[in-house]
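Please look at the sequence and the three-dimensional view first, and then follow the points grouped by topic below.

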Amino acid sequence: MQQVDHVIETRGLGKRYPSGVEAVRGIDLSVRRGEVYGFLGPNGAGKTTTMRMLVGLIRPTAGSAAVAGHPPGSPAGLARIGSLIEAPAYYPYLSGRDNLRVVARYAGCDESHIDGVLQTVDLLSRAGDKFGSYSLGMKQRLGVAGALLKDPEVLILDEPSNGLDPQGIVEMRQLLRRIGEGGRTVMLSSHLLSEVEQTCDRIGVIQSGRMIAEGTVDEIRGGAALLVRAAPAERALELLVGDFGADAVATTRDGALRVRSTPEQAAAINRRLVEAGVEVSELRQSEASLEEVFLTLTGEAGPS
C-alpha cells in the first residue's frame, strides 16, 4: 500500500500560556497533500492557536509539528507556506495592488505575480482602488491573494469567510474550490458548517484544545443511516442498541433514533421493533448533516 503523503502533521502539539491557560492539549492531526482540510471547533476551542503555531507565529510548549516537511517558522518552510491568520491587515490608503507590492517586497516575491493572484481572487478590475474602499468580502479575498503571492505549496486560512454576506460566502467557496483543484493543499478553519461540507475533503474537530474527531466528511457524518421514530422510545433504543451496538445508535435532538445501517435493513428493523411491541411511526433513510454531528460531538450551539 502506498504511504500517504502528509503535508501538515502534528504529534502531541500543545500550548500552555504563562497564565496557566492550556489552549491546545496534545493535538494529533494530519493534512494530506492536495486536499482541502476543514478545522472545526467552538469559539475558544484552540483553532487559531493551533494555526498560529503551524505558521510559526507562536511556539508550542509541547509536542511537534511539521509543515511542508519543515518545522513551523523555519525559513525553508515559510517559503512554501501562504497564510491568512485572523483578518487581513493592509494599509487602507493604498490600493489593493500597492498593498500586495508591499507584501511581495517583505516576502521576497516577484512582483510580476501580483496581477496573476489578483485575477485568481477576481480583484484585478478593482486593483487600483484603495483597500479602505473594499467591501469585507473583497478585503478577505485580497488577504487570500497575499497568501498566494509565493505560489505556496500549502495554504493555511483562519476563518476566510468570517463576517461575509451570502454572496461573499459563495464567492469565497468558489475561490477555495479553484485553489484546491489546482493541486495545492489548503487547511482552513470555519464556523460555517454548510460551507465546510461543500468545500472540504476531510475535517478535524477540536474541543477544549483536544482533537475529538478526524476523517472525511462522510466518515464524520457516520455514513448511511436510518431514522427511526417509535414508542416507547426507551424500548426501541434498547432493542436497536442490542442489535447494532451503542456506537451505531444515536438519539437526535427531536427524540428520534438514528441507526447507522443500510436502507436494505429497514424492513428487518421494522419487523424487529413491531414484534417486540414497539409502535413504529416513521422509518426512513437519513443522512446526518455536519451540523448535527458537530452538535453531538461538542455539545455546543455551533462553532465560531
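Is A68 buried or exposed? A68 counts as buried, because its relative accessibility is 4% and the limit for that class is under 20%. The model under discussion is a predicted one, and its protein chain holds eleven helices and 13 strands.

**The chain as a whole**

- The protein chain has 304 residues, and 46% of them count as buried.
- The C-alpha trace spans about 75 × 45 × 40 Å along its principal axes.
- Contacts between residues at least 6 apart in sequence join, in 70% of cases, residues at least 24 apart.
- The accessible surface of the protein chain amounts to about 14,600 Å², and carbon and sulfur atoms account for 48% of that surface.

- The largest cavity has a volume of about 60 Å³.
- Its lining is made up of P160, S161, R173, L176, L188, S190, L192, E195, V196 and T199.
- Two elements, α6 (166-181) and α7 (193-199), each give two or more residues to the lining of the largest cavity.
- The largest share of this lining comes from α7, which supplies three residues.

**Backbone features**

- The peptide bond that joins A231 and P232 is cis, with omega at about -5°.
- P232 is found in the loop that runs between β10 (225-231) and α9 (233-244).
- A68, the residue of the opening question, is not a glycine, yet its phi is positive, near 55°.
- The loop between β4 (62-67) and α2 (75-78) is where A68 is found.
- E86 also has a positive phi, of about 60°, although it is not a glycine.
- E86 belongs to the loop between β5 (81-84) and α3 (96-107).
- Is E86 buried, exposed or partly exposed? E86 is partly exposed, because its relative accessible area is 44% and that class lies between the limits of 20% and 50%.

**A230 in strand β10**

- A230 is found in strand β10.
- A230 counts as buried because its relative accessibility, 17%, is under 20%.
- Which residues are in contact with A230, once its neighbours within four places in sequence are left aside? They are A236, V278, E279, V280 and S281.
- A230 and L193 are 37 residues apart in sequence, and their C-alpha atoms are 30 Å apart in space.

- H191 has its place in the loop between β7 (185-189) and α7.
- H191 is partly exposed, with a relative accessible area of 24%.
- From C-alpha to C-alpha, H191 and N162 are 7.7 Å apart in space, while 29 residues separate them in sequence.

**V205 in strand β8**

- V205 lies in strand β8, which covers residues 202-207.
- V205 counts as buried because its relative accessibility, 2%, is under 20%.
- Where G38 is concerned, V205 is 167 residues apart from it in sequence and 8.5 Å apart in space, C-alpha to C-alpha.

Conventions:
Residues are numbered from 1 along each chain as its sequence is written. This is a predicted model: local features need pLDDT of at least 70, side-chain atom pairs count only at pLDDT 80 or more; totals for chains, interfaces and linings use all residues. Side-chain values use heavy atoms; hydrogens and water are left out. Helices (H or I, at least four residues) and strands (E, at least two) are DSSP runs, numbered from the N terminus. Buried means under 20% relative accessible area, exposed over 50%, partly exposed in between (1.4 Å probe, protein chains only). Contact means heavy atoms within 4.5 Å. Accessible areas come from the Shrake-Rupley method with a 1.4 Å probe; for residues, only the protein chains shown count as cover. On a 1 Å grid over the protein atoms alone, a cavity is a set of points where a 1.4 Å probe fits but cannot get out, and a pocket is an open set with protein on both sides within 12 Å along at least five of seven lines; lining residues have an atom within 4 Å of a point. Grid points are joined across faces, edges and corners, and a volume is the space filled by probe spheres set on the points.
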